Amino acid sequence: MKSPENQPNLFSEPTSRPGDSEEGKRYRPLATRMRPRSIRDVVGQRHILSEGALLPRLVSNNAFGSLIFYGPPGCGKTTLAEVIASETGAKCVRLNAVLSNVAELRDVLRVARYEPGETLVFIDEIHRFNKSQQDLLLPDVEAGNIRLIGATTHNPGFYVIQPLLSRSHLFKLEPLGIDEMLPVLRNALCDEVNGLGARRMEAADAILLDIARIADGDMRRALNALETIVMSLPLRSTVDSEAISIFAQERQIRYDANEDEHYDTASAFIKSIRGCDPDAALYWLAKMLIGGEDPRFIARRLVIAASEDIGLADSRALGVAVACFQACELIGLPECEYNLAHTTLFLATCPKSNSATLAISKAKQAIRAGPIQEVPVWIRDKHGAANRQAGNSKDYRYSHHFPGGISGQEYLVEPLDLYEAKDAGAEGAIAQRLKEWKRLKHEIQAGER
């Protein structure tokens with residue numbers, strides 16, 4: 001079926017090509033002008049683009065269905081979508097999930113149905129589409145009317161509906177290494193057609209590597225940084241370390257609050273504390289603070305770690321962590337950074353014990369395994385005439401009346417061993433006390449028999 005003449009032209013034109021006007025290039029960022037034109041020119045991502053890998057074979061045979069690219073900013077998701085569209089000759093319509101709406105999406109799908117399978121729909125930031133918008137894509141993806149390429153910086157398992165995921169190939173992209181970024185930056189500096197070659201600038205590889213380092217694996221950021229630095233300098237000059245230093249003062253690190261970077265960094269922070277590495281713990285703390293993390297979130301994690309990972313080995317940890325949380329509430333940034341650093345160092349250098357964590361886990365498992373134990377009559381509440389008449393607490397032994405506070409009485413109908421004291425820090429003394437109490441208890445019980 002052919003599209004009627006009065007159908008709107010919703011299909012985007014290819015990105016810029018060599019020979020575009022100077023006026024046009026002036027308003028396009030360097031990262032856009034230097035975008036690769038073929039899949040062979042895409043840098044990095046060797047795990048999915050090396051010879052014989054699945055994606056290049058699918059593209060060369062034009063045999064792919066729907067694809068979802070997942071990875072951090074600037075790793076090549078949009079670039080891959082555009083070179084795939086170019087190499088396969090597909091009609092490509094590009095949507096941004098932030099700007100698009102249901103009406104526009106319906107128009108795109110309606111037009112695409114006139115030539116089934118000929119349209120490639122690229123949706124940038126697909127995680128921004130809500131469930132109903134993603135549901136709208138399903139019938140046409142299922143029928144093969146469109147081939148979908150979605151790009152997202154967020155974990156698709158949480159943000160893309162399962163029916164759409166199950167109909168797509170998922171490819172995870174990684175941040176680019178500085179050695180992979182170096183040739184691209186060198187080419188951008190020398191390229192007279194799309195790059196900065198007309199300015200006749202020079203830069204040593206060490207300087208370009210510094211730019212790559214501050215970009216945190218983001219090729220777009222690296223190219224835009226290079227462009228900003230070069231345009232701030234006179235023609236025919238040299239990019240030196242001073243220019244990099246001035247630029248780096250305004251550097252923003254990659255830290256996407258409430259998303260993967262947030263959870264990964266928090267995980268590294270807690271694991272460093274658990275592993276008794278104060279230097280690593282401080283590094284991840286600093287990254288969270290510079291990235292704009294809510295200090296109360298960090299303080300809550302410290303309160304949890306105080307009991308989960310330190311516990312009875314040093315019970316002061318919980319008090320310090322709670323005080324830190326209160327300080328964050330009362331003082332706020334930037335001064336509460338000192339409280340967070342203080343607490344992080346204290347917890348990281350404490351002896352560690354997860355006995356409280358293991359004990360509550362065992363107790364919950366005993367409850368789930370059942371049957372549920374009744375409260376023994378001798379320790380039930382005796383308040384009220386009915387309870388006293390039922391004999392509650394009749395045979396209760398008041399612990400303070402016995403030597404060492406040990407009466408020999410049981411507090412479960414079926415005794416359990418849930419808490420296992422560890423020989424770490426202050427908990428070593430607890431282990432010795434428990435051992436002595438158990439001995440006294442057994443002696444009393446043996447004497448009664």
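Which residue in β4 is the bridge partner of Phe-122? The partner is Ile-149. The model is a predicted one.

## The sheet

Strand β3 covers residues 119–124 and strand β4 covers residues 146–152; the two run parallel and are joined by six bridges. Ile-123 also has its bridge partner in β4, namely Gly-150. Strands β1 and β4 are paired in the parallel sense, with four bridges.

The sheet is open and has five strands, in the order β2-β3-β4-β1-β5, with parallel pairing. At its edges are β2 (91–96) and β5 (168–172), each of which pairs on one side only. From one strand to the next the twist averages 15°.

Is β4 mostly covered or mostly uncovered? It is mostly covered, as seven of its seven residues are buried. Ile-146, Leu-148, Gly-150 and Thr-152 point one way from the strand, while Arg-147, Ile-149 and Ala-151 point the other way.

Helix α6, residues 102–112, lies across β2, β3 and β4 and runs at about 170° to β2. Helix α7, residues 131–143, also packs on the sheet, where it touches β1 (66–70), β3 and β4. The direction of α7 makes about 135° with that of β4.

## Aromatic rings

There are two aromatic pairs. One is formed by Phe-69 and Phe-171, with 6.1 Å from centre to centre and 45° between the planes, and this pair is tilted. Because Phe-69 lies in strand β1 and Phe-171 in strand β5, the pair ties together parts that are 102 residues apart in sequence. Phe-69 has 0% relative accessibility and so counts as buried. Phe-171, at 7%, counts as buried too.

The rings of Tyr-283 and Trp-284 have centres 5.0 Å apart and planes at 85°, so this pair is edge-to-face. Tyr-283 counts as exposed because its relative accessibility is 54%. Trp-284 has a relative accessible area of 26% and is partly exposed.

Two charged side chains lie over rings. Arg-147 is over the face of Phe-64, 4.2 Å from the ring centre. Lys-172 is over the face of Tyr-70, and here the distance to the ring centre is 5.3 Å.

## Helices α16 and α17

How do the axes of α16 (residues 295–310) and α17 (residues 316–331) cross? They come within 9 Å and cross at roughly 170°. An angle over 145 degrees counts as roughly antiparallel, and α16 and α17 are therefore roughly antiparallel to each other.

Several residues of each helix take part in the contact. Among those in α16 are Pro-295, Ala-299, Leu-302, Val-303, Ala-306 and Ile-310. Those they meet in α17 include Leu-318, Ala-321, Val-322, Phe-325 and Cys-328.

## Pro-278

Pro-278 is placed in helix α15, residues 278–290. With a relative accessibility of 22%, Pro-278 counts as partly exposed. Leaving aside residues up to four places away in sequence, Pro-278 touches Leu-345, Ala-348 and Thr-349. Arg-221 is 57 residues from Pro-278 along the chain, and the C-alpha atoms of the two are separated by 31 Å.

## Backbone features

Most residues other than glycine have a negative phi, and most peptide bonds are trans. The peptide bond that joins Leu-333 and Pro-334 is cis, with omega of about 5°. Pro-334 lies in the loop between α17 and α18 (336–348). Another cis bond runs from Gly-370 to Pro-371, with omega near -5°. Pro-371 is in the loop between α19 (355–369) and α20 (385–389).

Gln-45 is not a glycine but has a positive phi, near 55°. Gln-45 is located in the loop between α2 (30–33) and α3 (46–49), and it counts as buried at 4% relative accessibility. Arg-236, also not a glycine, has a positive phi of about 60°. Its place is the loop between α12 (219–231) and β7 (238–239). At 66% relative accessibility, Arg-236 counts as exposed.

How values were computed
Residues are numbered from 1 along each chain as its sequence is written. This is a predicted model: local features need pLDDT of at least 70, side-chain atom pairs count only at pLDDT 80 or more; totals for chains, interfaces and linings use all residues. Side-chain values use heavy atoms; hydrogens and water are left out. Two strands pair if DSSP finds at least two bridges between them. Axes are lines fitted to C-alpha atoms, for helices over the stretch in contact, and angles run from 0 to 180 degrees between N-to-C directions. Contact means heavy atoms within 4.5 Å. Rings of Phe, Tyr and Trp (its six-membered ring) pair if their centres lie within 6.5 Å; planes under 30 degrees apart count as stacked, over 60 as edge-to-face and the rest as tilted. Buried means under 20% relative accessible area, exposed over 50%, partly exposed in between (1.4 Å probe, protein chains only). A charge sits over a ring if NZ of Lys or CZ of Arg is within 6 Å of the ring centre and within 35 degrees of the ring normal. Angles under 35 degrees count as roughly parallel, over 145 as roughly antiparallel, 65 to 115 as roughly perpendicular and the rest as oblique.
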